[in-house]
Amino acid sequence: MLVAGLSFSTRLYKLTEPPHVCWDETHFGKMGSYYINRTFFFDVHPPLGKMLIGLAGYMSGYNGTFPFIKPGDKYENQNYWGMRGFCAVLGSFLPIFAYLIVLELSNSCTAAIIAATLLIFDTGCITISQYILLDPILMFFIMAAVLSMVKFNQQRYRSFTASWWFWLVLTGINLAGALGVKFVGLFVIVLVGLNTIGDLWRLLGDMSLSLVDIAKHFLARAFALILLPLILYVTIFAVHFVVLNKSGPGDGFFSSAFQSRLIGNNLHNASMPEYLAFGSTVTIKNLRIAGGYLHSHWHLYPEGVGARQQQVTAYLHKDYNNLWVVHRQQDNNSQSGNPDLVRHGDIVRLEHKETTRNLHSHLHEAPLTKKHFQVTGYGINGTGDANDLWQMEVCGGRKGDPVKVLRSKVRFLHRATGCVLYSSGKTLPKWGWEQIEVTCSPYLKETPSSQWNIEDHINPKLPNISLSVLKPNFLEILLESHIVMFRGNSGLKPKDNEMNSKPWHWPINYQGLRFSGVNATEYRVYLLGNPVVWWINLASLGLYFTMVAVASIATQRGFSLGQQRIEHSLVLVRGGGLLMLGWLLHYAPFFTMGRILYFHHYFPAMLFSSMLTGLTLDILFRSADLLLHPPYSYWFQRTGQLLLLFSILYSFYLFHPLSYGMTGPLAHEPGSAMAGLKWMDSWEF
Amino acid sequence: QLGGLPLVVTAQVDLLLVLVSLLAFWTRLSHLSYPNAVVFDEVYYGQFVSLYMKRVFFIDDSGPPLGHMILAFGAYLGGFDGNFVWNRIGAEYPTTVNVWSLRLLPALCGALCVPLVYLLTLELKFSHLSALGAAVLLLLENSLIVQSRFMLLESVLIFFVLLAFFSYLRFHNAPSSLSGGTPRYIWLILSGVSCGAVVGVKYMGLFSYLLLLVVASLHTWKLIGDKTISHRNVCVQCVHRVLCLVVVPVLLYVFWFYVHLSFLNRSGPHDQLMSSAFQASLQGGLSRITRGQPLEVAYGSQVTLRSSVSQPIPCWLHSHKVNYPIRYDNGRGSSHQQQVTCYPFKDVNNWWIIKDPGRQQLVVDTPPRPVRHGDVIQLVHGMTSRFLNSHDVAAPMSPHTQEVSGYIDFNVSMPAQNLWRVDISNREAESEVWKTILSEVRLVHVNTSAVLKLSGVPLPDWGFRQLEVVADKLFKAHSSSLEWTVEEHRYGTSQEQKEREAELHSPTHIDVDRKISFWAKFVELQWKMLTVKQEESEHKYSSSPLEWITMETNIAYWLHSSTNAQIHLIGNPVSWGVGNLSLLAYQLLAVVYLLRRRRGLKDVPDGVWDQFVCLGCVCVGGWLVNFVPFLLMDKTLFLYHYLPALCYLYLLSPALLEHAHTHLLRYRALCVGALAVLLSIFLTYRTFCPLTYGSPELSAHQLQGLKWRDTWDILYRRR
């Protein structure tokens, strides 16, 4: 109860401060609003977290009208406290869960209290729980999943009872929740998976169970931990797609078929000429998922990148520069009467509508994919050269087939070099506005990257017909949205001048994140862990390894240990091992990631690390009688615990302004409230 | 066990071993100097060999120096003088270059791999027949032959990996009697030495080394659990293993660098990447200029300031008689004061004079008053006499930072803010006094506490495309773009501007000698090797790791300048398939065994099970550690990166077959099948020989016939 009380009070204190948009609230708050407005958007994370934020906002009377344009915008009189409060409440559960988990694992109240204290008084955990972010929701599900897994492990001698099933199913539900918020949830799934495999392995070795029993155990777990989360996860997406049925800023990332579902999109119940004709104005979309529209603009390729001609790229958003006009080889003037249809094998010239340059390719190497040729915009007002000619082919078509809008997959073969128009999917550097590279590939294999479809089609001389385009089924949408998300995720590369945080910075609390405010006059919040807590965690990681090494060598050499000692080493190896595994799984994978990383990615791992600290320190204190004799060892234990508690509390008192806001001069100036607390040069408060 | 027979058995073994070794030498070494032209990556390694011959310093981020040194040693034996321009694949070697000796050492290593695999299989406790099988698989692998026959490093790497495992297992299997311990420990030391070599040849070798450590620690763990041995004995044995398998390789690794650095003592093309102190230790280059400079920077010193970062290029703080444009292209205004930039070439405009703000004079006192950490100074530009200045005006390219200028008083109420505090960031390692070359200095602007920083953005035409210098408010520790070192230095003697200009144009003098320690050089070089990123470039023959398993890709190594004769890196498809099959089979078998053992059903006796597990640890583990890391790598990768992993599969296949034959399927058909497979391996080897050895020349039609996969890229010359 004490833990719960403290936890809620630290998280909910000064919740509505500062009354402006902080850091990533600008994204997640906005996405919450999109749910309320039912507008389709694109994000690299799965939808559950944002749906819950949206729901919390809706319940607390927020009407979804606040634009969340940039950090620092004042909320005025919008009801933003509901969304923040929701996140804070979920965040407040973390210390409680940590308490329960450590209690289950170690059977020691002291260990549990240490773990909970570390989390309650960690400024980082407080800060990250207080704003409209996905992390508190994610961590809630992660911890809940671990807790129910641990509880489930305790039920091992009561197989198939109601409580057994309850905890098993609860684990599954929480796994779905964790994955539904962020893909980081995968790590806790791996943790639970490994634990389950270990559990099954134990059952398999239990000769009192028949193979049928084992199969039952296996099936029960497969159902609750694989099938159930999967169903829930898919359901979340189903809700996502049903709720968001209006066209919005995310359309261009998806295929033409996908867009036709969205109310307000120009493809929704679209009507346009059915067959492509000469003289039509069109947009051409690459068939690769998240492939983008064929695009050009006034900017030239920079010096040293092929010929210095106009850039041609693929662009994900809808834009006037995506419009191209289909011309015959020679004539430019529009004919009277019905225009001729473009057929399979026809030679066309594609003119960019805005700049009147022709789509052009030549034997220079492409900017990024060096094996391919460069594609440029060349010529003006229709005059160009022989390198502007492309042969249009319908995939699987024969000579004379017309080109159907939206439905035909077409390829553009360059006449002079024989290469095929191709979108490599690589992002161009700054000079190309981070749009996607378009090349001409000499390898003629039919891949989605070299196939295109005609999406918009404008030709006033042709009759419009209504196109009831093949509506995609749910599985197709699901798959497509996932591929788009993964692309988006790996596309988040650090930009040139941007601060990139390295994974090794995190456990040593090297550098925090500015949530709000830079200058002395502003209200500043800085996400930084309580250094005392974090350094204790770091030290206990080392301590844990030493203790486990000593304990296991002693066992392996067959030294005779007391009953109590054996229990301790079991707790260390089993319980500690589980937490250690959790920490590793939530931390180590970041070293291999190429995407941009932030400090807050460490917080799930930090939860595991804190729990491990509780367990390790408790056993360390209890093992004091190895060195000291009974009365002294007891005193040592008490003093150690009190000292620990006191140092955590005092450091929290020192550093609490980090979470609850600081004003006045920056810390390196003498007049600041935080003067003298800038223990590391890299902290920026 | 049969009393009289051991002698005969030994003779048989030797014969087989000798036979495969001879064959290996024949396949790897015959016609080694054909083609007499630069083949594929020889063009890359060759330049380093040349630099070794000329003892010119270089950095290669692709791997530690041992591999290059081995290649250079081969060249040295052949009397290569380093005078060959390695500029394109296919260039003919002149007659003065002894091609045979250049390629000899890799080829020898490649050939020795075959008998090593034979011995290794024996150490894994499988029969001579399996050993022969493994050796034959390796012997007839076209890709390994190609890779061994040229001046490339993979065969050297594979050789050392196999040697390390072989000698470790030899050590482990030797009877641990208390008396005959010495020869046993020779094997352990040999293993440690090979591990050092493995890591010294390529960084990829690190993973194989780690695998060996894991295997060794598992064995040690068992040893610790063995209660029949005394505590003392256990400690001694553990210490021995740690010494041989951890300490020796680490020392050797450092030793390679020691040799590397003591060999390469002349300045060369990569100097600029290194710090000034490092450069000064090389002959020629910077040390020629800086020899005899005064060590301590004093008030009145004339200095050039080099930025500590070398991205995008090394450069020196510079100013010239041109002002910032009043308005930039985007409409923002500037101070219109004199430009301060960073300039990548030596120039008389790079000279600055350190001035005491409290005094007027620009000459050095006798005795000189050195500048210390925390002192406030002014910097005067030597040629224009402008003061280095910064103020609250946005910098031209990085508007979030402050502009740095040479101060001109336009009388527009923009006072001079030209005081800078000297902050020596490595004062703990060096000294409180600002030293030439050694001290890394941050210049902190006194008025705004911003730090002088190279932003690295090139200025537009008005700034002559030189690099932008700014003062940045953010105080981020450990950012080397904030740090500057004094490179050229002399004590100023002329108070008059005209004389000073003449002085700046003249070369420096006075004599002091200085050195940096080997450790400092080692740490710096290692750090640079790991952090210098070469331009990401896609190569025509680069491939992704998943394509390697099925050999979807090949690499054209060489094409004759006029005919169709060509050399490709193409593996033997049949053995490739056999390897993959055995990998799958092992994993399946292991899963089945494990599950059944857990249920108490022991299919094989414990001894055989241990042997089976050991096989898996070494072979499947070896394959994994040599393959999986590539999946996570963001580099340009080639098929030849897969060759070490492939060797483990060849080690696995015959052993697994033997295991299956003795314990599971005692059919004669199995033997016949194995023979048939061996025969087809031999036939495919023969078929691909023309592409492996580059002769005889094939017709276009024949080449077409060799294109077994559509994705292979075989070249035809149009006639």
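Helices (H or I, at least four residues) and strands (E, at least two) are DSSP runs, numbered from the N terminus. This is a predicted model: local features need pLDDT of at least 70, side-chain atom pairs count only at pLDDT 80 or more, and totals for chains, interfaces and linings use all residues. Residues are numbered from 1 along each chain as its sequence is written, chains are lettered from A and ligands numbered from 1 in the order in which they are written, and side-chain values use heavy atoms, with hydrogens and water left out.

**Stop 1: chain A as a whole**

Of the 685 residues in chain A, 56% are buried. Here buried means under 20% relative accessible area, exposed over 50%, and partly exposed in between (1.4 Å probe, protein chains only).

Colour by charge next. Chain A carries 53 positive and 42 negative charges, and their mean positions are 4 Å apart. Lys and Arg count as positive and Asp and Glu as negative, while His and the chain ends are not counted; each charge is placed at NZ of Lys, CZ of Arg, CG of Asp or CD of Glu.

**Stop 2: domains and MIR spans in chain A**

The bounds come from an automatic or database domain assignment.

Then pick out 273-329, 339-395 and 400-457 of chain A, where an unreviewed UniProt entry places "domain: MIR". UniProt positions are given in the numbering used here, feature names are shortened, and annotations may be inferred rather than shown by experiment. Residues 339-395 of chain A are 0% helix and 44% strand, with end C-alpha atoms 23 Å apart. Residues 400-457 of chain A come out at 0% helix and 43% strand, with ends 20 Å apart.

While you're there, zoom in on Glu434(A), in the loop between strand S11 (420-427) and strand S12 (436-441). Its phi is near 55°, a positive value in a residue other than glycine. Is Glu434(A) buried, partly exposed or exposed? At 39% relative accessibility, Glu434(A) is partly exposed.

**Stop 3: over to chain B**

Domain 1 of chain B comes in two pieces, 15-259 + 540-706, and domain 2 covers 292-509. The C-alpha centres of these chain B domains are 54 Å apart. UniProt's unreviewed entry puts "domain: MIR" at 294-357, 368-425 and 430-489 of chain B. Span 368-425 of chain B is 0% helix and 40% strand, with end C-alpha atoms 23 Å apart.

**Stop 4**

- Tyr34(B) and Pro35(B) are joined by a cis peptide bond, omega about -5°; Pro35(B) sits in the loop between helix H1 (6-29) and helix H2 (42-54).
- Lys125(B) has phi near 70°, positive though not a glycine, and at 57% relative accessibility Lys125(B) counts as exposed.
- Ser695(B) to Pro696(B) is cis, with omega near 0°; find Pro696(B) between helix H19 (668-693) and helix H20 (700-706).
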